[in-house]
Structures are given as C-alpha cells and as structure tokens.
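This report describes the fold, the packing and selected residues of one protein chain. Please keep the sequence and the model at hand while reading.

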Amino acid sequence: MQQLERDLDLISVILDDARTLAARIQRFSLDGGKFVNDRSDDGELAYDAVMSPVYRIAEDAIHLSEDVVRAFPDYPWRQIRGFRNFVAHGYREVDRSIAWHVASEDIPVLADCLQEYWDDNAPLLLQEEGEGE
C-alpha cells in the first residue's frame with residue numbers, strides 16, 4: 001500500500017494546486033485572449049501566477065505511479081509530461097495559447113480524474129490502516 005499512499009499524497013497536492021490555479025484564473029478574470037495577448041505588467045503578473053501551479057501540477061503528475069496512469073488511459077499523460085519539460089527548460093518561450101489550453105482545459109480534466117481516483121482509493125488505504133491497528 002506504500003505506492004497508493006504516495007500516489008494519494010501527490011494527488012492531494014495536485015488537487016490543491018488545481019484549486020489554486022482555478023482561483024487565480026478567476027482572480028485575474030482571465031480568458032484565452034487576455035492570457036495570451038496581455039503583455040502589460042498586470043498581464044505578466046497574471047501569467048506568472050497561473051504558470052506557477054501549472055508547472056507544479058505537471059511536475060507532480062510525472063511522479064504518479066503507472067497504476068494511476070493506467071486508470072485513465074484516455075488522459076494525455078505523455079503531453080503533460082512533455083509540457084512540463086518544455087516549461088522547465090524554456091519558461092519564457094512557452095506558446096501562451098498552448099499554456100492556456102493546459103491551464104484552462106487539460107488540468108481541470110486531470111483534477112477530475114484524480115479526484116475520482118482519490119474517491120475510489122482513499123477508503124482502501126483507510127481500511128487497511130484500520131486493520132493494522
């Protein structure tokens with residue numbers, strides 16, 4: 001159960017970051033056009049505020065076990081891992097329209113998948129911990 005516990009810990013962190021991301025998108029009243037095109041100081045602040053949790057989510061997602069990945073075969077795992085690498089090695093060169101798609105569409109879908117995984121598996125971990133006492 002050690003791997004499940006590790007996955008659930010990572011999922012918890014990812015879900016927190018997904019909530020942070022959604023709150024920042026709302027806080028800055030962002031839409032695709034504003035995110036992609038606003039290069040003012042406020043636009044850059046919003047971009048940085050959004051990209052920080054996006055990067056953390058992508059980084060944490062690459063550490064999820066194959067059990068989690070196999071549970072959602074239709075999710076674009078390879079793309080999120082590739083996006084993480086691109087962001088990590090070329091932050092200022094990220095295509096903002098792709099970043100917006102990841103932030104506004106891909107990550108909410110990931111959060112839904114991971115919430116489902118959490119809901120299905122957290123009780124198993126709690127049950128096993130109760131049996132060990």
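The sections below proceed from the overall fold to the core, a helix pair and individual residues.

## Basis of the model

This is a predicted model, in which local features need pLDDT of at least 70 and side-chain atom pairs count only at pLDDT 80 or more, while totals for chains, interfaces and linings use all residues. Residues are numbered from 1 along each chain as its sequence is written, and side-chain values use heavy atoms, with hydrogens and water left out.

## Overall fold

The protein chain contains 6 helices and 0 strands, and its pattern along the sequence is α-α-α-α-α-α. Helices (H or I, at least four residues) and strands (E, at least two) are DSSP runs, numbered from the N terminus. The C-alpha trace spans about 55 × 25 × 20 Å along its principal axes.

Of the 133 residues, 41% count as buried. Buried means under 20% relative accessible area, exposed over 50%, and partly exposed in between (1.4 Å probe, protein chains only). Among contacts (heavy atoms within 4.5 Å) with a separation of 6 or more, 78% join residues 24 or more positions apart.

## The largest nonpolar core

In soluble globular proteins, nonpolar side chains tend to be buried together. A nonpolar core is here a set of buried Ala, Val, Leu, Ile, Met, Phe, Trp, Tyr and Cys residues joined through side-chain atoms within 4.5 Å. The largest such core has 43 residues, of which Val-54, Leu-64, Trp-77, Leu-110 and Leu-114 touch the most other members. At least two core residues come from each of helix 1 (2–27), helix 3 (41–61), helix 4 (66–71), helix 5 (77–90) and helix 6 (96–131). Helix 6 gives the most, with 12 residues.

Neighbours within four places in sequence aside, Val-54 is in contact with Leu-21, Phe-83, Val-102, Ala-103 and Ile-107.

## Packing of helix 1 against helix 3

The axes of helix 1 and helix 3 come within 9 Å and cross at roughly 160°. The two helices are therefore roughly antiparallel, a term for angles over 145 degrees. Axes are lines fitted to C-alpha atoms, for helices over the stretch in contact, and angles run from 0 to 180 degrees between N-to-C directions.

Residues of helix 1 that meet helix 3 include Leu-10, Asp-17, Leu-21 and Arg-24; on helix 3, the residues involved include Val-50, Val-54, Arg-56 and Asp-60. By class, this contact has 12 nonpolar, 2 polar and 4 charged residues. Ala, Val, Leu, Ile, Met, Phe, Trp, Tyr, Cys and Pro count as nonpolar, Asp, Glu, Lys and Arg as charged, and the others, Gly among them, as polar.

## Selected residues

Asp-7 lies in helix 1 and is buried, with a relative accessible area of 1%. Residues up to four places away in sequence aside, Asp-7 touches Leu-64, Ser-65, Val-68 and Tyr-117. Asp-7 and Asp-67 are 60 residues apart in sequence and 9.0 Å apart in space, C-alpha to C-alpha.

Arg-96 lies in helix 6 and has 7% relative accessibility; beyond residues up to four places away in sequence, Arg-96 touches Phe-35, Val-36, Asp-38, Arg-39, Glu-44 and Tyr-47. Asn-121, also in helix 6, is buried at 14% relative accessibility. By contrast, Ser-29 counts as exposed at 53% relative accessibility. Ser-29 is placed in the loop between helix 1 and helix 2 (32–37) and has a positive phi of about 50° although it is not a glycine.

Notes. Angles under 35 degrees count as roughly parallel, over 145 as roughly antiparallel, 65 to 115 as roughly perpendicular and the rest as oblique.
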